[in-house]
Amino acid sequence: MLRMKIFTSTQIKELDKYTIENEPIKSIDLMERAAKALTLAVIDECSISTPIVVFAGPGNNGGDALAVSRMLADRGYNVSTYLFNINNKLSDDCMENKQRAMDCKRLKNFTEVTKEFDPPQLTANTVVIDGLFGTGLVKPLEGGFPSLVKYINQSPCKVISIDMPSGLMAESNTYNSHSSIIRADVTLTLQMKKLCFLFSDIQQYIGRLKVLDIRLSKEYMQKTHSNYTMLEARDVKAMLMPRNDFVHKGLMGHALLIAGSYGMAGAAVLAARACLRSGAGKLTVHTPKKNCDIMQMAVPEAVLEVDYEDAFFSDAVPAEHYDALGIGPGLGQVENTAIALSAQLRRTQAPIVADADAINILGSHKTWLQQLPKGLILTPHPKEFDRLCETRSSDDYERLMKAVDMAVRLQVFIILKGHYTALCLPEGRVVFNSTGNSGMATAGSGDVLTGIITGLLARGYHQREACQLGMYLHGLAGDLAAKEKGKESLMASDLIDFLPKAFMTLEKIEED
């Protein structure tokens, strides 16, 4: 099974080279193959009556654009092509495609820009194909290119970018000039998603994303290590543990959930119901006295353990008889609770999921981070994670790198929540989740995730598998709920209601 890997720009260059050497295929022919896939995708986006303006840069991205302009012209499209050769230096394949474009009789409007540039008028009916720069870009655009980018972005035209919106870098854009990045309506990326495509603050540049298979070497992709992978259905299906016909509740794990303060019983309810729906044989919920009636009515299947205090969690509880602990949802942040949390984390030997207020408390007591038990699972959203750090992250890439560093340094699992939720593993790898939708941006969604992972841990899954299976099922339940209820009306309790269907959907997937 070939897990979807996300390669760096350096690895993508090596992948191209390996394909050329081992298929074998000439580089110009591989570019032609890519251009054919790109051309078909462009045709899907615009009719033959659409005026098309192609901007090609001096490298291989420009070579792709020149080949696409030629192929579109051969199909009867009205194409105007501009090749920017400011430094009189083109890549070999770009040079070859320049000659082919000049030899194409149907490509009537071809201009090579070497000095001054008089930009064409870009109307609302125009489609611009952006082939200026691709994954090889390592620094912000300079010279006259920022002005060209701004001109395109300010025009009412539709923009289709080849592989990458020009000006965008494949990994880090922390120090990029964001005003000098093309804002594409559609990005036609080659072979695989690039790392930056997974960040929320980059979506404004890529628009609608299409991944085009240009048949790069599967052998290279299989054997080459990547620190970044994308979790898919078959990966998760392989992790599922069978349920023996002769088991009883005592063999299915006993989970402990410490959650809820006065006024926040709902968080405890959501986490508890999700835990039970995830297969745990037994669940004990420790919560303040004032939540007692609510919990017993809302989750009658759970055993209730009442705290000494009426309104908050006040003291660590014995946990030696439990198989997993979930702590944090609706917990509150009073100082007694903070001290109790610290003691609970130190004393509990079972696997632990810490979320919500547990994370906020740690963010207010940063010296405690060094004392966290190895193998702890933290499930912060971006702002919660920023509270754990000394300085706020300037963008999603920097935040992810900090999360990776923290996971390695503390030997913990960090689930950084978002559209592509990122699991940062203790050895430094990152697994991105592929399920979920914007309807899940609703109160209580994180409490459900905590409950799911706690239930899976109690059931017997290792932290690594529980995290991956948990975040995938959480997103899948959200996707199934959205299909029936719509994104606007989605509530956290809907995720729990659709968990059974999510499990059944996974079980039906055929393995390779």
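Tutor: Begin with the residue classes: Ala, Val, Leu, Ile, Met, Phe, Trp, Tyr, Cys and Pro count as nonpolar, Asp, Glu, Lys and Arg as charged, and the others, Gly among them, as polar. Keep in mind that this is a predicted model.

Student: How do the residues of the lining of the second largest cavity divide by class?

Tutor: They divide into three nonpolar, two polar and four charged. The lining consists of E171, N173, H178, F199, D201, I202, D395, D396 and Y397. The volume of this second largest cavity is about 40 Å³.

Student: How many cavities of 30 Å³ or more does the count come to?

Tutor: Two. The largest cavity holds about 50 Å³ of space.

Student: Which residues line the largest cavity?

Tutor: Its lining is made by S342, L345, R346, L362, W368, Q371 and L372. Sorted by class, the lining has four nonpolar, two polar and one charged residues. Helix 11 (residues 335-347) gives the largest share, three residues.

Student: Let us stay with helix 11. At what angle do the axes of helix 11 and helix 12 cross?

Tutor: The axes of helix 11 and helix 12 (residues 357-364) cross at roughly 100° and come within 10 Å. Angles of 65 to 115 degrees count as roughly perpendicular, so helix 11 is roughly perpendicular to helix 12. On the helix 11 side the contact is made by T337, A338, L341 and L345, and on the helix 12 side by A358, I361 and L362. This contact has six nonpolar, one polar and no charged residues.

Student: What angle do helix 3 and helix 4 make where they pack?

Tutor: Helix 3 (residues 60-74) packs with helix 4 (residues 92-103) at about 20°, and their axes are 8 Å apart. Angles under 35 degrees count as roughly parallel, so that is how helix 3 runs relative to helix 4. The crossing of this pair is left-handed.

Student: Which residues of helix 3 and helix 4 meet?

Tutor: From helix 3 come N60, G62, G63, L66, A67 and R70; they meet D93, C94, N97, K98 and R100 of helix 4. By class, the residues of this contact are three nonpolar, four polar and four charged.

Student: Helix 3 also packs with helix 2. Is the crossing of helix 2 and helix 3 left-handed or right-handed?

Tutor: Right-handed. Helix 2 and helix 3 pack at about 60°, with 8 Å between their axes. The two helices are therefore oblique to each other. Helix 2 contributes M31, E32, A34, A35, K36, L38, T39, V42 and I43 to the contact, and helix 3 contributes N60, G63, D64, A67, V68, R70, M71 and L72. These residues divide into ten nonpolar, three polar and four charged. Among the residues of helix 3 in this contact are N60, G63, A67 and R70, which also meet helix 4.

Student: What about the backbone in the loops beside these helices? Which residues does a cis peptide bond join?

Tutor: For a peptide bond, look at omega. E23 and P24 are joined by a cis peptide bond, with omega about -20°. P24 sits in the loop between helix 1 (9-22) and helix 2 (27-45).

Student: Where does N88 lie, and what is its phi?

Tutor: N88 is in the loop between strand 3 (79-84) and helix 4. Its phi is near 55°, a positive value in a residue other than glycine.

Student: Now the pockets. What volume does the second largest pocket have?

Tutor: A pocket is an open set of points, whereas from a cavity the probe cannot get out. The second largest pocket has a volume of about 640 Å³. Its lining has 30 residues, and those nearest its centre are K417, M440, A441, S445 and G446. Two or more residues each come from helix 13 (382-388), helix 15 (445-459) and helix 16 (463-485).

Student: Which element gives the largest share of that lining?

Tutor: Helix 15 does, with four residues. By class, the lining of the second largest pocket has nine nonpolar, 16 polar and five charged residues.

Definitions and conventions
Residues numbered from 1 in each chain as written. Predicted model: local features only at pLDDT ≥ 70, side-chain atom pairs only at ≥ 80, totals over all residues. Heavy atoms only, no water. Axes fitted to C-alpha atoms, helices over the stretch in contact; angles between N-to-C directions. Parallel < 35°, antiparallel > 145°, perpendicular 65-115°, else oblique. Left-handed = near helix turned anticlockwise from the far one by under 90°. Contact = heavy atoms within 4.5 Å. 1 Å grid on protein atoms, 1.4 Å probe; cavity = no way out; pocket = protein on both sides within 12 Å on 5 of 7 lines; lining within 4 Å. Points joined across faces, edges and corners; volume = space filled by probe spheres on them.
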